[in-house]
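Please work through each task before reading its solution.

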Amino acid sequence: MDYKHTSVMLDEAIDILMTDERGIYVDGTVGGGGHARAMASRLDGGLLIGIDRDQEAIDAAADRLSGFNVRLVRSNFSRFDEILDELSIDRIDGAIFDLGVSSHQIDEASRGFSYMHDAPLDMRMDIRQQLSAFDVVNHYSEDQLVKIFSEYGEEKFSKRIARAIVERRRSTEIKTTGDLVELIKGSVPALKGAGHPAKRVFQAIRIEVNNELGVLDGVLRSAVNRLKVGGRLAVITFHSLEDRIVKTTFKELATDCICPKDLPVCVCGHRAQIKLLGRARTPSSQEIKNNPRAKSAKLRAAEKIQSGVERSI
Ligand SMILES: C[S@@+](CC[C@H](N)C(=O)[O-])C[C@H]1O[C@@H](n2cnc3c(N)ncnc32)[C@H](O)[C@@H]1O
């Protein structure tokens, strides 16, 4: 299988993440193994665990990482704790999440992620899962469609597009990405400089089908829990919805007290577990020139600290 994906912010992410060549690191979104290979190459006596929910990614990563001390697990990263338990691993030195879809998933027309190719409406990262783009487009109510197009796609014409879908469904099923693109084009004005008219709706459906936002906060907390003191977490996001979740969760985990501001004394007992390693980093203009898909990337990183409770003992 030809698996094409250019890893985003590769050196920046690995430089900030890796502090111990003998450590145990997790790549929660191993994809074709780009970041993972760079990590594995820096290990000497350490272990890399690569997780992906997509079998094609696991197969590509297995090829790319052969010869390294790596364990690959096909799973949703929402099972982070169970995966480490199954491998009898308690603490880790670092974890990376490079979120969203790979270029391979988008470019492989048959996966139905792309508005540029005509294919059955699918968009499942894990083909074992039930819900597909076909189900969303053909079975969600008009209100549900408006909600996901607005929230996950930040699409201005959500109502018009949802209405057009529901009207079309009365006479025939919407079976392909091409059918959906035509419907969207016919229901929104062609605005200059606004990008492809189907871009935002496709993003919204993909996020819904794969529950991309629903699992994010939980896995960040699990990863932080599993880090050794001094261990690090690096997360690369590609749109503001994901980045907002990472920023908010990091901020909370990096804060001692989260009581309402008007309380005179702390009653929450919340203690910071991480410190932020600077602000969000973005790709260089050269990287964006070489790989336009890197354009919207943001890298956030944090380091596990001794919590205040432990520190005071
Ligand atoms: C941007 S790609 C990662 C590319 C990889 N870092 C590289 O350099 O080759 C994102 C990968 O994460 C996987 N993925 C996304 N959400 C996931 C989840 N909740 N659980 C497991 N894998 C997930 C996708 O299947 C995809 O292969």
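A residue is near a molecule if one of its heavy atoms lies within 4 Å of it. The structure is a predicted model, in which local features need pLDDT of at least 70, side-chain atom pairs count only at pLDDT 80 or more, and totals for chains, interfaces and linings use all residues. Residues are numbered from 1 along each chain as its sequence is written, and side-chain values use heavy atoms, with hydrogens and water left out.

**Exercise 1. Determine how many residues surround the ligand, and which are the closest.**

Solution. Step one: the count of surrounding residues is 24. Step two: the closest are Ser7, His35, Asp52, Phe77 and Asp98. Step three: examine N and O atoms, a polar contact being a pair of these within 3.5 Å; within protein, one must be able to donate a hydrogen and the other to accept it, and residues adjacent in sequence count only if both atoms are side-chain atoms. A polar side-chain atom of Asp98 lies 2.7 Å from a ligand nitrogen, and a backbone N or O atom of Arg53 lies 3.2 Å from a nitrogen atom of the ligand. The side chain of Gln105 places an N or O atom 2.9 Å from a ligand oxygen.

**Exercise 2. Describe the interface of domain 1 and domain 2.**

Solution. Step one: the domain assignment, automatic or from a database, gives domain 1 as 10-100 + 214-312 and domain 2 as 105-209. Their C-alpha centres lie 30 Å apart. Step two: counting contacts (heavy atoms within 4.5 Å), 10 residues of domain 1 meet 15 residues of domain 2. Step three: the buried area, the accessible area (1.4 Å probe) that two parts lose on being put together, summed over both, is about 1100 Å², and carbon and sulfur atoms give 39% of it. Arg53, Arg74 and Leu241 supply 43% of the area that domain 1 buries against domain 2, more than any other three residues.

**Exercise 3. Identify how many salt bridges join domain 1 and domain 2.**

Solution. Step one: apply the rule, a side-chain nitrogen of Lys or Arg within 4 Å of a carboxyl oxygen of Asp or Glu. Step two: the count between the two domains is 4. Asp126 forms a salt bridge with Arg74, their closest N and O atoms being 2.9 Å apart. Step three: the side of domain 1 that touches domain 2 divides into 1 nonpolar, 3 polar and 6 charged residues, where Ala, Val, Leu, Ile, Met, Phe, Trp, Tyr, Cys and Pro count as nonpolar, Asp, Glu, Lys and Arg as charged, and the others, Gly among them, as polar.
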